[in-house]
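This report is written for a reader meeting the structure for the first time. It takes up the strands, the helices, a few single residues and a pocket in turn.

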Amino acid sequence: MIHFVGAGPGAPDLITLRGKALLEQADIVIYAGSLVNPVLLGFCRDTCRIYNSAHMHLQETLQVMYAADEEGLDLVRLHTGDPSLYGAVQEQADALRERGIAFDMTPGVSSLFAAAAALEREYTLPGISQTLIITRVEGRTPVPEREQLTDLARHGASMVLFLSAGLTDRVQEALLQGAYRKDTPAAIVYKASWPEERILHCRLGNLHQTALDHQIRSTALLLVGDFLADRPAYENSRLYDPHFTTSYREARDS
């Protein structure tokens, strides 16, 4: 059986209980060595065969999976964060499906949630933003024309950018063409939840310079939006408003 498992953002205790159990019983593990914390491999048995996919291309990875299936072995494909976000997981799943090889997927804690936790912030503050845009700036890998960063910036919503820490100049320029301002709060979170985690607060107008000053080029998320303000002027949630009726609670006058 092939198991795609989200490793979480980095801290070994942020993998799910299911993901940890699958690692403990795996005969083979293929892990994304460029991003997954190798400490997680400590959950594996001594007899487990481990492959680092950072040194493998797609067909090499698939060949290990095909062989594991033929031998009747349990294989864990360990992806960083949650595999559904920039995980390149679909192409692997489709290849297995074409061969009739059984697989399943275990979600993981995305680094975008670890970053919010590190910042002690909520992305969806009432009256500030009820939308979170998860995206990346175009680099060597293109994005669809309708998803250009300048177009997404028109919304002014809370935004998290993956795979963009080395292109902060492009990010800053594109976002300033939209609804964001030079003084819009921003943050760079490097290796959220890892021991070497770093949090850099700045304004959008000096996002690029902040990245240069601190030599941030990779393995970091860029967060932008008024949810990051020191004292955001948000509205309290109606969910807990005593004057608001829910299916569990009647409104009260006082």
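## Strand S8 and its partners

In this predicted model, strand S8 is mostly covered, with 5 of its 6 residues buried. S8 pairs with S9 in the antiparallel sense, and 6 bridges hold that pairing; within it, Ala186 has Cys202 of S9 as its bridge partner.

S8 is also joined to S10, again with the two strands running antiparallel, this time over 5 bridges. In this second pairing, the bridge partner of Tyr190 is Ala220 of S10. In a regular strand the side chains alternate between the two faces of the sheet.

## The chain as a whole

The chain has 254 residues, and buried residues make up 44% of them. Its secondary structure comes to 7 helices and 10 strands, and the C-alpha trace spans about 65 × 50 × 35 Å along its principal axes.

Contacts can also be sorted by how far apart the partners lie in sequence. Of the contacts in the chain with a separation of 6 or more, 66% are between residues 24 or more positions apart.

## The open parallel sheet

An open sheet is formed by 5 strands in the order S3-S2-S4-S1-S5, and the pairing in this sheet is parallel. Its edge strands are S3, covering residues 49-52, and S5, covering residues 103-106, each of which pairs on one side only. From one strand to the next, the twist averages 20 degrees.

Strand S1 (residues 2-6) and strand S4 (residues 75-79) run parallel and are joined by 5 bridges, and here Ile2 of S1 stands opposite Leu75 in S4.

Helix H4 runs over residues 111-119, and its buried residues are Ser111, Leu112, Ala114, Ala115, Ala116 and Leu119. The elements that cover these buried residues include the strands S6 (132-135), S7 (158-161), S8 (185-190), S9 (198-203) and S10 (220-224). Just after H4, Glu120 takes a positive phi of about 55 degrees.

Helix H6, at residues 168-175, has Thr168, Val171, Gln172, Ala174 and Leu175 buried. An α-helix has 3.6 residues a turn, so residues three or four places apart point the same way.

Once its neighbours within four places in sequence are left aside, Ser110 is in contact with Pro9, Gly81, Asp82, Leu85 and Phe162.

Glu138 lies in another loop, the one between S6 and H5. With 29% relative accessibility, Glu138 counts as partly exposed, because this value falls between the 20% limit for buried and the 50% limit for exposed. Leaving aside neighbours within four places in sequence, the residues in contact with Glu138 are Val143, Gln148, Leu167 and Arg170. Glu138 and Ile101 are 37 residues apart in sequence, and their C-alpha atoms are 34 Å apart in space.

How many disulfides does a search of the whole structure find? The search finds 0. Cys44 is in no disulfide, and the nearest cysteine sulfur to its own, that of Cys48, is 4.3 Å away; likewise, Cys48 is in no disulfide, with the sulfur of Cys44 as its nearest at 4.3 Å.

## The largest pocket

The largest pocket holds about 920 Å³ of space. It is lined by 38 residues, and those closest to its centre are Ser34, Leu35, Thr80, Tyr86 and Leu163. The elements that give two or more residues to the lining are helix H2 (58-71), strand S4, helix H3 (90-98) and strand S10.

Definitions and conventions: Residues numbered from 1 in each chain as written. Predicted model: local features only at pLDDT ≥ 70, side-chain atom pairs only at ≥ 80, totals over all residues. Heavy atoms only, no water. Pairing = 2+ DSSP bridges. Helix = DSSP H or I, 4+ residues; strand = E, 2+ residues; numbered from the N terminus. Axes fitted to C-alpha atoms, helices over the stretch in contact; angles between N-to-C directions. Buried < 20%, exposed > 50% of the residue type's maximum accessible area, 1.4 Å probe, protein only. Contact = heavy atoms within 4.5 Å. Disulfide = S-S within 2.5 Å. 1 Å grid on protein atoms, 1.4 Å probe; cavity = no way out; pocket = protein on both sides within 12 Å on 5 of 7 lines; lining within 4 Å. Points joined across faces, edges and corners; volume = space filled by probe spheres on them.
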